[in-house]
Amino acid sequence: MKNIIIGTAGHIDHGKTTLIKALTGRNTDRWEEEQKRGITIDLGFTYFDLPSGDRAGIIDVPGHERFINNMVAGVVGMDLVLLVIAADEGIMPQTREHMDILHLLGIEKSIIVLNKCDIVDEEWLELVEEEVREELKGTFLEKAPVCKVSAATGQGLEELIQVIEHMTSDEVVAKDVNTIPRLPIDRAFTLSGFGTIITGTLVSGTIRKEDTLEMYPIGKECKIRSIQVHGQDKKECYAGQRVAINLSNVKKKEIQRGCVLAPPASMKNTDLLDVKMNILDSSMRVLTNHTRLHLFTGTSEILCRAVLLDKEEIGPGESGYVQLRLEDEIAVRRGDKFVVRFYSPMETIGGGVILEPNPGVKRRFQQDVIEELKRKESGSSADVIELHIKEHGDTMITSAELAKLTALSMDEVNQDIEELKENGQIYVFPMKKDTFTWHADSKRGAVQAIVKSLEFYEKENPYRYGMKKAEVQMTHFKGMKPNVFDKVIELLETEGYVKRVGEFLCTPQFEIKKDETYNKIAKTVLGTFESAKYDFAKYSEIDFGKTQRATADDILNVLLVEGKVVKIAEDMYTLTEYMEEAKNIIREKLAEDPVITIAQVRDIFATSRKSAKPILEYMDSIKVTKKVGAESERVAY
């Protein structure tokens, strides 16, 4: 069974509510004031079943100019709109504004319903139909079918239902129930014994009883206690259904129309939007920079300022790229449609599509900004994912963060990541808790910068194996996590851009410069240690003549890495071969006697106690001996 949402639109008192009652048997005017005044103020909801078995939810939206904000909220999730025009009056001002709003919000499937046909004669009816067709030329409603009905007498209702069934079965595509659920809230109230109830049209995904979701933008997690679809209790609800949901952990006073219910961390609050703005042909206004507007998107109404990014002004029938700077935060998704009305007087002037729901502040007339927005306008979700990855070249961005920024499901994000990876546009680093992504352009830039740094470092420090890995990270990837940086180095090493020597990085062709200075210092160091043998000379006391101590330190480090020298204690080194000899002697001694003391080590190696103690401590460090009992005693490890 397909779930369909049908909406009504049209001028006040053209019979929308009466038509819905005739189709469903229910009155959608819920409030006493609505029934008393005979006009729809807020949104009304009900449903009816089509002969095919599909269930059509139906939304009665206000026609009065003062309640246009409610009308915009009602359009969310609509598959088909009945544009109701009274046969005795024809197209009126609110009819035209509703038509503009429907067009701006991307509603394509519509039926023209000429209502109150029972109170006009045939000749008048033909004249009105001809005028309507003429008025609708060049609009999205130009080819919409026309049904002539009387909601009061039932005339033409069967034919209308047949047209609805035909259009919904053949032309309305079922909504995606597998993506992340998103429910814009159009109403919140409290029921005694139940608590907070919200209603809205589920525009995507599936919500199940006991799910934990988040209320945006207030940032509160709440659990789904129960679900009703058209008055019936359900364990789950699907995209395309009108739903009422009982929530825990959130109060009615915290929720307002414009809030969105979605999975935790699946969306991100924003007070900036990058949009493509279209000004209506019929608008009497010219949009100039910093104009204050009323923004309507989803069920939200919010004040904002329009910063024109590519033009000085946008006139009737024109379009441009605009950054909307909002006076409060909302949560939206790329591709969401919106309407803007002039601040005062309140009149609809245009609308468009959200290109980036979480941008940074942009300056006007920046060519790179405009090119980026053009790409977002024409691109797929994978293109948007790629742009976000590119923007995080220094730190990388996780698949979870991408899902949150774009309001796409993890499956959708992972699918796009895989596509980009296969195309060679990004690199992917799976980690224990998440997957990090890196743009190929960022990697190319990083390679150039790192190689340049290493080459300069090698020139300045010819007796070092290269820059310390940690220093490279601090220089080029300060905000990147160390374990992620390790993955970067592994990639660069595999592809031959860098060479790793312990904790040092250098260019692949680099070798320690073993020139005259190197040989002289190495000979001095090795000669000193050889002469001292187990009496151990202090490194700081070696005289290197005119050679700088820093250069000698570098050469000593090379000898350590090459394994010619070992460190015994602070400022105390010796030849590796001496400690290998000592290790064998001590093991032989322990084989004869289970305990060895510092005094025995002193005697065995004919040295002082001052040197014997570091020998044993070194043996502890390489797990030949271990301390037991007295400070001076050791046993085999």
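Chat about strands, helices and cores

Colleague: Let's start with strand 25 and strand 26. What joins them, and through how many residues?

Modeller: That's a hairpin, and the link from strand 25 to strand 26 runs through 4 residues. Keep in mind that this is a predicted model.

Colleague: How many bridges do strand 25 and strand 26 share, and in which sense do they pair?

Modeller: There are 5 bridges between strand 25 (residues 426-430) and strand 26, in the antiparallel sense. Opposite P430 you'll find T435 of strand 26.

Colleague: And which residue of strand 26 is the bridge partner of T398?

Modeller: F436 is the partner of T398. Strand 24 (residues 397-398) is joined to strand 26 by 2 bridges, and those two strands run antiparallel.

Colleague: Changing topic: which residues have the most contacts inside the largest nonpolar core?

Modeller: Y518, F529, M579, I586, I615 and M619, in a core of 43 residues. At least two core residues each come from strand 29 (504-506), helix 14 (516-532), helix 15 (549-561), strand 30 (565-569), strand 31 (572-575), helix 16, helix 17 (598-604) and helix 18.

Colleague: What does I615 touch, leaving aside its neighbours within four places in sequence?

Modeller: I615 is in contact with Y534, F536, I568, M579, I586, V601 and F605. Apart from that core lies another one, with 23 residues, including F429, A446, V451 and Y457.

Colleague: Why would nonpolar side chains be found together like that?

Modeller: In soluble globular proteins, nonpolar side chains tend to be buried together.

Colleague: How many bridges join strand 33 to strand 34?

Modeller: 3 bridges, and strand 33 and strand 34 (residues 633-636) run antiparallel.

Colleague: What about helix 12 and helix 13, at what angle do they pack?

Modeller: Helix 12 (residues 469-476) and helix 13 (residues 482-494) pack at about 100 degrees, and their axes are 11 Å apart. That makes helix 12 and helix 13 roughly perpendicular to each other. K469, V472 and Q473 of helix 12 make the contact with P482, F485, D486 and I489 of helix 13. By class, that contact has 4 nonpolar, 1 polar and 2 charged residues.

Colleague: Last one: which residues meet where helix 7 packs with helix 8?

Modeller: From helix 7 you have E372, R375 and K376, and they meet D383, E386, L387 and E391 in helix 8. The residues of this contact divide into 1 nonpolar, no polar and 6 charged. Helix 7 (residues 367-378) and helix 8 (residues 381-391) pack at an angle of about 145 degrees, with axes 9 Å apart.

Note on methods: Residues numbered from 1 in each chain as written. Predicted model: local features only at pLDDT ≥ 70, side-chain atom pairs only at ≥ 80, totals over all residues. Heavy atoms only, no water. Axes fitted to C-alpha atoms, helices over the stretch in contact; angles between N-to-C directions. Contact = heavy atoms within 4.5 Å. Nonpolar A, V, L, I, M, F, W, Y, C, P; charged D, E, K, R; others polar. Pairing = 2+ DSSP bridges. Core = buried A, V, L, I, M, F, W, Y, C linked by side-chain atoms within 4.5 Å. Buried < 20%, exposed > 50% of the residue type's maximum accessible area, 1.4 Å probe, protein only. Parallel < 35°, antiparallel > 145°, perpendicular 65-115°, else oblique.
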